[in-house]
Amino acid sequence: MLTSMTLIIALYIFMLAAFTGYVVISRVPSILHTPLMSGSNFIHGIVVVGALTALFTATNIVEQIIGFFGVLLGAGNVTGGYVVTDRMLAMFRPSTKKPGQSATDKKTAS
Amino acid sequence: MILIEYIVGLSGLLASALFIYGLKGMSSPVTAVKGIVTAGWGMAFVVAVSFLQAFRVPDDVLPHLPVNLGLAVLALALGGLLAGWKGRTVAMTAMPQMVALYNGMGGGSAAAVAAIALMKHEGGTPLHLGVTVTGALIGCISLTGSIIAWAKLDGRMKKPVRFSGQQVFNGVVFIGTLALGVMTVVTQLQGSSDGGLFAMLFFAGALFFGLCMTAPIGGADMPVVISLYNTFTGLAVGLEGYVMSNPALMIAGMVVGSAGTLLTLLMAKAMNRSLSNVLFSNFGASSGQAAQGPQGQMKSVDPADAATTMRYASSVIIIPGYGLAVAQAQQKLYEFVKMLQAAGVDVKFAIHPVAGRMPGHMNVLLAEAGVPYDMIYDMDDINDSFATTDVALVIGANDVVNPSARTDKSSPIYGMPILNADQAKQVFVIKRGQGTGYSGVQNPLFFQKNTSMVFGDAQAVLSKMVETLKSLGTN
């Protein structure tokens, strides 16, 4: 963990991450929109790491209670997001046994 | 001790890379499962490694450390087990509200992180505190807003809560909350003893605003709202990542924030609405002009006749809507489709971007029934094929095939992109009754010469169709 970070570097990180998110999503077919929303929902569950860090350094009961609920909610976000996404994605399957082809076939058809 | 900092920092870097790689994988049905599993490993790793931080806490924390660790493990186990169990067992039709709920939890977690950061006065520069408070505000809105979205989609909250002057009221609540946020920052900077009070009022205000903001929005608009709150939580996580000096949170949060913004706008566009229109217009309540539009005689036809027509057609396009899922008839539909295919009929599914309760939701529901994804076509890919298709079969869909959207400027749904089912040589519509869609608009498609209505529950109608095909044989 970085002990200090200048505002400028933070802005660079935010800028690059924002472009990354945009580029990664912009090619997704709408068939995957629901699993994708659920998948990105899982990814922001990384907040549980922040909540853990906060809870570890708690020094009084109030901080411990808030930290406990922070981790609880974060863990729910991570696990629930993962399970739901995985369940949805596992159901998508092609009709032919040539997985690599179907996606491109679809575009060229009619 | 410095070694631990490196390990924890690098684990975050690795996790960020795996998240982006996983998200990229999720952009194609072929690699999607691998994508989520990859991201999952990244998450498991970074959570496990974060426990190493227990070895480098400041001295004043040491006496509390065993309790803190115990609480951490308990919270992880409890939250993980409950959410995991619920996620495993929930029905696919209820998926959107589950996503909303999990998303709200993430927002709540981010708000909790902010609360602790405020209590600890960490790096109390105005900027730092400002970011903390902003993240808290967004996280709180996402938490309570998502809970309302969940309640609406789950049918626990049937009607939007609306009253006159609501927009003004919400505006006042929002400005009041902002003012409390500013006061929180100011009192923190001064080290004043009122800091805690203002912080508490601020959190209460932010949570309340999330309720106020979501309550008036109609259930049909919830997909856009869920996607928006997903974006909010991402942003809140990114901001709290800055507060905690944790780049992994910043990256993951911001990637979700920007991806979510794009998804939200795509969804709003597919519904032919602007985002502000969804949030502030109270659509769906005021469309009382239901009886307008074409009147005339609907032709109805027996399921057996419709099935026979399709059996001897050369091409059929099926347009499923949420009504199909409500009737739990996806399995039956696919059984029917397989029989048609066996008889040599070319069958395709056409999905409107907003079919179901969430974009892509219908795809998930069809996939659950075993329909292969390469039979399913997006609107843009299939719309030109309708004119050369023998039969369009509309099941439980209404507004997405309403030709008024193309022609009738006075129609509330004018301009919404629709599936060109009306251009097929023959149209069958399986529908429960003669009512209108959620927008309350009459559908001229139902009165067209080449349209025949098959009235009845989708499950019952499809069962009859399957029986008919069985009796016809496959030759």
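Helices here are DSSP runs of H or I with at least four residues, and strands are runs of E with at least two, numbered from the N terminus. The model is predicted.

**Exercise 1.** State how many helices and strands chain A has, and give their order.

Solution. Step 2: read from the N terminus, the order is α-α-α-α-α.

**Exercise 2.** Decide whether B:M250 is buried or exposed, and list what B:M250 touches.

Solution. Step 1: locate the residue; B:M250 lies in helix α9 of chain B, residues 247-270. Step 2: apply the cut-off of 20 or more other C-beta atoms within 10 Å. B:M250 has 27 such neighbours, so B:M250 is buried. Step 3: leave out residues up to four places away in sequence; the contacts in chain A are then A:A10, A:I13, A:F14 and A:A17, and those in chain B are B:G238, B:G241 and B:Y242. Step 4: check one of these pairs; B:G238 is 12 residues from B:M250 in sequence, with a C-alpha to C-alpha distance of 3.9 Å.

**Exercise 3.** Describe the side of chain A that touches chain B by element and by residue class.

Solution. Step 1: the contact involves 87 residues of chain A and 104 residues of chain B. Step 2: the elements of chain A giving two or more residues are α1 (7-26), α2 (33-43), α3 (47-56), α4 (61-91) and α5 (99-108). Step 3: α4(A) supplies the largest share, 27 residues. Step 4: sorted by class, this side of chain A holds 50 nonpolar, 31 polar and 6 charged residues.

Key: Residues numbered from 1 in each chain as written. Chains lettered and ligands numbered in written order. Predicted model: local features only at pLDDT ≥ 70, side-chain atom pairs only at ≥ 80, totals over all residues. Buried ≥ 20, exposed ≤ 12 C-beta atoms within 10 Å, placed from the backbone. Contact = placed C-beta atoms within 7 Å. Nonpolar A, V, L, I, M, F, W, Y, C, P; charged D, E, K, R; others polar.
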